[in-house]
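Subject: Structure for you to look at

Hello,

I am handing over the structure we talked about. My notes on it follow.

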Amino acid sequence: MLRLGARPALAAVAGFACYGDRPRCLRIEEDVKLDFKDVLIRPKRSTLRSRSEVTLERELKFKHSGRSLACVPVVVANMDTVGTFDMCVADWERFARDHPGALAHAAVSCGTSARDAAKLDAILAAVPGCTTICIDVANGYSEAFVDAVRDVRRRWPSHTLIAGNVVTNEMTEELILNGADVVKVGIGPGSVCTTRKQTGVGYPQVSAIVECADAAHGLGGHIVADGGVTCPGDAAKAFGAGADLIMMGGLFSGTDESAGDVLVKPDGSRVKLFYGMSSGVAMHKHAGGVAEYRSSEGKAVEVPAKGPVDAVMLDLLGGIRSTCTYVGAATLKELPKRTTFVRVSQQLNTVFGTHDLSKK
């Protein structure tokens, strides 16, 4: 080993990380971790006669706030292109008739800075009907984040608190023990997230959901699976893996209720802009630019204009109902108990590509 005087030097030797006289193998987890593309759901005998018999609404009881929420547990991502007031209004209109407390279906999203805390307090004081807070950072593994969760729980003890993002069981437990009711799960799976490319950090989403859900449910908490859902089948897999709620951005991008004007391209196609909240576009908009000590971890893309969000929701919920009939789950809550995943190397037959003329 290399030494400089009495001070041990760090050296890499033949695949070992060595410090002083103590060689140590690099830690590599050998367990297979799975993403949505790696699994299909195995069908099972069912007594259901029709998709119409499936109930997707469920009631969630929250550990710390003590509140309950009856809802179809689909959440629009807290991104300024899709988490808009128009999108929120569309949600309220859908539930308001049967749920007078429809404002409970919205959450105030914030970061961890003192400025964010002050803005959060001002919004919640002005809108007392909103009783859910989402503390959202890209890296939920810092001590400062845990401190922020604990502080918000102290200041707003009766509000339901969502916190993330993390992807492992131990951090899920840490957040719940420090006041989170719901832990947001996902690092890098989003369609406009480049964290995995820029940092090499991440975790396959199905395995993250399975492991974090197990940890959360053992403590009486919940998780929301955030990112990676590209189609109704992915959403069903997320619920089957144990997610209590699912959060999506890309699926709702391009809808009438998403932010931004429709742009008409030279070929006549109609598009809208969609970007990640760690992208250069977002940082220029909200922070005056990308700080010199970091890089952009998101991208901006043009997506086809899709029309009203109702059509997206009907397609999404219809697919999930169909999944439930394939495995015999009469309610969404039953789906994880009825789910067996099969590892696969191929999902779809793409001989005619992936474009569907019927969904123009």
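Predicted model: local features only at pLDDT ≥ 70, side-chain atom pairs only at ≥ 80, totals over all residues.

**Around Leu332**

Apart from neighbours within four places in sequence, Leu332 is in contact with Thr55, Leu56, Pro73, Phe239 and Ile320 (contact means heavy atoms within 4.5 Å). Leu332 sits in the loop between α9 (309–327) and α10; helices (H or I, at least four residues) and strands (E, at least two) are DSSP runs, numbered from the N terminus. Leu332 is buried, at 4% relative accessible area (buried is under 20%, exposed over 50%, partly exposed in between, with a 1.4 Å probe and protein chains only).

Residues are numbered from 1 along each chain as its sequence is written, and side-chain values use heavy atoms, leaving out hydrogens and water.

**Helix α3**

Helix α3 covers residues 143–155. Phe145, Val146, Ala148, Val149, Val152 and Arg153 are buried in α3. These buried residues fall within an arc of 155° seen down the axis, so they line one face of the helix (the arc is that of the directions from the helix axis to the C-beta atoms). They pack against α2 (114–126), β11 (132–136), β12 (160–166) and α4 (169–177). Glu143, Ala144 and Arg154, on the other side of α3, are exposed.

Regards

Notes. Expected span 1.5 Å × (residues − 1).
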